[in-house]
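The stops below can be selected one after another.

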Amino acid sequence: MNKWMEVAYNEAVYGMTHQEGGPFGAVIVKDGNIIAKAHNRVLLSNDPTAHAEVNAIREASQLLQSFDLSGCVLYTTCKPCPMCLGAVMWARIAKVYYGTTEKDAAAIGFDDARFYNIINGDDNSLAMEQIDYKESKKLFDKWMQNTQRQLY
């Protein structure tokens, strides 16, 4: 087993055996060193965003004091769900190694298919409606007037 994936695997085992969350673990590596490791903590925290990948990204960002994790590699025991994939992309992580797939996760009850269907426009079960455009757009205008703004 890949040594970094083994760390992610052990994180998943810890989270499961301590009833903190599902069978998911992740580790972030930079320059051959572990920057962060985490497991799913949805049950422990009652936070639906507390997936292993998100927890690892948060920990790595705090440690490195940066929202930009360029140069880091993510090892995760399952292919990232759409939320985690978004976090990976926002963190600028360029390489992800994963163990199981979304089909494997679906087979044990973690079905991301609805999310992909909504993203693809094949499912309209999430009601989304635009309101208050002009007022909300003013926030963007104020942002652009801020000479100290920093993109991320």
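**A tour by selection**

Begin by selecting Arg41, which is partly exposed, with a relative accessible area of 26% (buried means under 20%, exposed over 50% and partly exposed in between, using a 1.4 Å probe and protein chains only). This is a predicted model, in which local features need pLDDT of at least 70 and side-chain atom pairs count only at pLDDT 80 or more, while totals for chains, interfaces and linings use all residues. Residues are numbered from 1 along each chain as its sequence is written, and side-chain values use heavy atoms, with hydrogens and water left out.

Across the whole structure, a search finds four salt bridges.

Move on to Glu102 and Lys79, whose side chains meet in another salt bridge at 3.6 Å, N to O. Because Glu102 lies in helix α5 (residues 102–107) and Lys79 in the loop between β3 and α4, the pair ties together parts that are 23 residues apart in sequence. Helices (H or I, at least four residues) and strands (E, at least two) are DSSP runs, numbered from the N terminus.

Finally, select strand β3 (residues 72–78) and strand β4 (residues 95–100), which run parallel and are joined by five bridges, pairing being assigned if DSSP finds at least two bridges between two strands. Within this pairing, Leu74 has Val96 of β4 as its bridge partner.
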